[in-house]
Amino acid sequence: MKNVFITGATSGFGEAIAYRLAQHNVNMIITGRTESKLKEVAANIEKATKTKVLPLVFDVQDYAQCEEAINSIPAEFKPIDVLINNAGLAVELNPVHQGALEDWERMINTNIKGLLYVTRLISPQMIEQKHGHIINLGSTASHEVYYGGNVYCATKHAVKALTAGMRTDFLPYGIRVSQISPGAAETNFSVIRFHGDKAKADKVYEGYDPLVAEDIADAAEYILTRPPHMCINEIIITPTAQFNGVIVREKK
Ligand code: NDP
Ligand code: 8X3
């Protein structure tokens, strides 16, 4: 692990993974749309570790922005050998007949197309060097659906298919492709889902202990520190109180 690229590092899992992988003295590119937060994370990492950080501000939904940002990466941060496709979101929790087209488009454009755009731009470097590791952020929603989760769950089912598709395509080049699939984790995820309604977001995690971002950083670090002959295909992690994507133990 030398040159790491993490999408969505201004918050939640991406931020925690950035802090964790910085302990490995790598060169790191962190991305997101919130420039102030991205710069803050970069400064904190550079102050505390030997890791060099390049913050890149762009929207993964926009291929031209992805291309411009990725083409601007200086030589010292290349070739990228670790890509964490983490940027993603859920918007609302409505049954299909009440869903808003713009919410569906944001989820599809970010969680599926954004992941594909970034991978399309970075994977050729890995192919060329016949070395690399990609981790995609799936979800328990890659395996199940829940009421009102329709389109979000569909995007995460797509991530699962893309993880397997990439592993197949990149097999001849020795590139590892893994997926982390968490259940309920308390990050900004539900605040974003409910358009900033913190009280509504808090209710999702009430009465049980949800996962925290560092749990996902643990998994990413584990996956990336396995010996070269080993590829962790997927790690599914739920809170102990959650049976699967749908059933959470009766609240305390
Ligand atoms: P957060 O909301 O805390 O973080 C999401 C990150 O994604 C932010 O850094 C945000 O940056 C970035 N992001 C969102 N949209 C875009 C965009 N269009 N372009 C660039 N960056 C973007 O959520 P989590 O950390 O919880 O989520 C991370 C991933 O994990 C997502 O893919 C999510 O679906 C998945 N996941 C989350 C679970 C949970 O319960 N929390 C469980 C299972 C999976 P910015 O806004 O600055 O652009
Ligand atoms: C996020 C998991 O079930 O809270 O991917 O939507 S869930």
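**Entry 1: helix 1**

I started with helix 1, where Gly 12, Phe 13, Gly 14, Glu 15, Ala 16, Ile 17, Ala 18, Leu 21 and Ala 22 are buried. Buried here means under 20% relative accessible area, exposed over 50%, and partly exposed in between, with a 1.4 Å probe and protein chains only. Helices (H or I, at least four residues) and strands (E, at least two) are DSSP runs, numbered from the N terminus. Because 9 of its 11 residues are buried, helix 1 is largely enclosed by the rest of the structure.

Ground rules, for the record. This is a predicted model, in which local features need pLDDT of at least 70 and side-chain atom pairs count only at pLDDT 80 or more, while totals for chains, interfaces and linings use all residues. Residues are numbered from 1 along each chain as its sequence is written, chains are lettered from A and ligands numbered from 1 in the order in which they are written, and side-chain values use heavy atoms, with hydrogens and water left out.

**Entry 2: the cores**

Next I looked up the nonpolar cores. Such a core is a set of buried Ala, Val, Leu, Ile, Met, Phe, Trp, Tyr and Cys residues joined through side-chain atoms within 4.5 Å. Which residues touch the most other members of the largest one? Of its 34 residues, they are Ile 6, Ile 17, Met 28, Ile 30, Ile 84, Ile 180 and Ile 216. Strand 1 (3-6), helix 1 (12-22), strand 2 (27-32), helix 2 (35-48), strand 4 (82-85), strand 5 (132-137), helix 8 (213-224) and strand 7 (234-237) each supply at least two residues of this core. Helix 8 gives the most, with 7 residues.

I then took Ile 216 and set aside its neighbours within four places in sequence. Ile 216 is in contact (heavy atoms within 4.5 Å) with Phe 13, Ile 17, Leu 137, Ile 180, Pro 182, Leu 211 and Ile 237. I also found a second, separate core of 24 residues, which includes Leu 83, Val 118, Ile 122 and Ile 134.

**Entry 3: Thr 7**

I moved to the loop between strand 1 and helix 1, where Thr 7 lies. Buried or exposed? Thr 7 counts as buried because its relative accessibility is 2%. Beyond its neighbours within four places in sequence, Thr 7 is in contact with Thr 31, Ile 84, Asn 85, Asn 86, Ala 87 and Val 118. A polar atom of the Thr 7 side chain lies 2.9 Å from the backbone nitrogen of Asn 86. I also checked Ile 29, 22 residues from Thr 7 along the chain: their C-alpha atoms are separated by 8.5 Å.

**Entry 4: ligand 1**

I listed the residues around ligand 1, counting those with a heavy atom within 4 Å. There are 30, of which Thr 10, Ser 11, Arg 33, Thr 34 and Thr 187 come nearest. They divide into 12 nonpolar, 15 polar and 3 charged. Helix 1, helix 5 (150-170) and helix 6 (189-193) each supply at least two residues of this shell.

A polar side-chain atom of Thr 34 lies 2.6 Å from one. A polar backbone atom of Gly 8 is 3.1 Å from an oxygen atom of ligand 1. For a backbone N or O atom of Asn 188 the distance is 3.2 Å. On its own, ligand 1 has 890 Å² of accessible area, and the protein covers 94% of this.

**Entry 5: ligand 2**

Which residues are around ligand 2? They are Ser 139, Tyr 146, Tyr 152, Phe 189 and Arg 193. I looked up the distances to oxygen atoms of this ligand. A polar side-chain atom of Tyr 146 lies at 2.4 Å, and one of Tyr 152 at 2.5 Å. An N or O atom in the side chain of Ser 139 is 2.6 Å from an oxygen atom of ligand 2. The protein covers 87% of the 240 Å² of accessible area that ligand 2 has on its own.

**Entry 6: backbone**

Last, I went through the backbone angles. A cis peptide bond joins Lys 78 and Pro 79, with omega about -5 degrees. Pro 79 lies in the loop between helix 3 (63-71) and strand 4.

Asn 25 has a positive phi of about 50 degrees although it is not a glycine. Asn 25 lies in the loop between helix 1 and strand 2 and is partly exposed, at 47% relative accessible area. Lys 130 also has a positive phi, near 50 degrees. Lys 130 sits in the loop between helix 4 (101-129) and strand 5 and is exposed, with a relative accessible area of 55%.

Note on methods
Polar contact = N/O pair within 3.5 Å; in protein donor to acceptor, adjacent residues only side chain to side chain. Areas by Shrake-Rupley, 256 points an atom, 1.4 Å probe, with all protein chains shown as cover. Nonpolar A, V, L, I, M, F, W, Y, C, P; charged D, E, K, R; others polar.
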